Amino acid sequence: APGPVLGAGADWVLVLPVTGLACSWIRERLEGLKSWTLCKMNVAKGGYRVFSANSNAACTELAKRITERLGVELGKAVVYQEPNRETRVEIKESVRGQDIFIIQTISRDVNTAVMELLIMAYACKTSCARNIIGVIPYFPYSKQCKMRKRGSIVCKLLACMLAKAGLTHIITMDLHQKEIQGFFNIPVDNLRASPFLLQYIQDEIQDYRNAIIVAKSPAAAKRAQSYAERLRLGLAVIHGEAQYAEYDMVDGRHSPPAVKNTMIHSGLELPCKEHTAAVCRYSTSREGRKQVGSTGE
């Protein structure tokens, strides 16, 4: 005798005789199908989580605004420091098989913020997270991206530490140098804040047409020119001899080291003696420039 027909309206039809063994088999398959469907629904609806890696109020506020914009809840995690200043991170929910976004702003205590990010990323990695994306608006140690004297490229070191901790992607803004992206062996998104700044100037400053864009140094002229062109404004560049630090001028590899001359003024003014002054006047003629006279004390 024909058995019950299962899967009406689906792409398959199952016909079995009504026996105790068949009913048990059907029940197991339906329960498995139900659990598989619920699992797929959970992955589709909640395939990512957003966490705040810093107990700082600014970082928490930024994370809350992001989650409100996305329409999701902020991930449950506890970040605190032990009495001996060790950082401890506890993830309060499952992150298995999900994409994790860790938001971390850098406060004045840079090293603590870096350790919080590293520990939280490693905690998600050991909890079998699928991808771990670090959202770092300001990337720390980005100015230490060049070799100075007998120092080190600390930015490269931090890039290796983040990748080793488990981060699979970095999202940051306005790196000090675009070449820093080459320090990473994981994808890096270097976002720009200029579109928002330009929009703010155009919307909030009524008389911005009478303004001028000023670059504080020749090194910043390229970025200032980009702003000036898009706002159709003039450009000014403050030009002068850069005040290099001592370790920038001498790398310490020459022997014997150069003797520091204390009589040379470090600024843009010309050095002069206290009790001696000379004024020379010159005139120009066909025969060339010749000295007319001089006076001295």
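Glu93 counts as partly exposed in this predicted model, with a relative accessibility of 25%. Its partner in a salt bridge is Arg49, and the closest N and O atoms of the two are 3.2 Å apart. Arg49 is likewise partly exposed, at 23% relative accessibility. The pair ties together distant parts of the chain, since Arg49 sits in strand S3 (residues 48-52) while Glu93 lies in the loop between S5 and strand S6 (99-103), 44 residues apart. Side chains of opposite charge can pair when their charged atoms come close.

The structure holds seven salt bridges in total. Another of them joins Arg192 and Asp174, with an N to O distance of 3.2 Å. This pair, too, links distant parts of the chain: Arg192 belongs to the loop between strand S9 (188-191) and helix H5 (194-204), and Asp174 to the loop between strand S8 (169-173) and S9, 18 residues apart. Arg192 is partly exposed at 34%, and Asp174 is partly exposed at 29%. A further salt bridge connects Arg88 with Glu82 at 2.5 Å, N to O; here Arg88 has a relative accessibility of 37% and Glu82 one of 23%.

Two buried residues round out the picture. Thr87, in strand S5 (residues 87-91), is buried because its relative accessibility of 17% falls under 20%. Beyond its neighbours within four places in sequence, Thr87 touches Tyr80, Gln81, Thr112, Met115, Glu116 and Ile119. Tyr227, in helix H6 (residues 221-231), is buried at 18%. With sequence neighbours within four places set aside, Tyr227 is in contact with Ser194, Leu197, Leu198 and Ile213.

How values were computed. Residues numbered from 1 in each chain as written. Predicted model: local features only at pLDDT ≥ 70, side-chain atom pairs only at ≥ 80, totals over all residues. Heavy atoms only, no water. Helix = DSSP H or I, 4+ residues; strand = E, 2+ residues; numbered from the N terminus. Buried < 20%, exposed > 50% of the residue type's maximum accessible area, 1.4 Å probe, protein only. Contact = heavy atoms within 4.5 Å. Salt bridge = Lys/Arg side-chain N within 4 Å of Asp/Glu carboxyl O.
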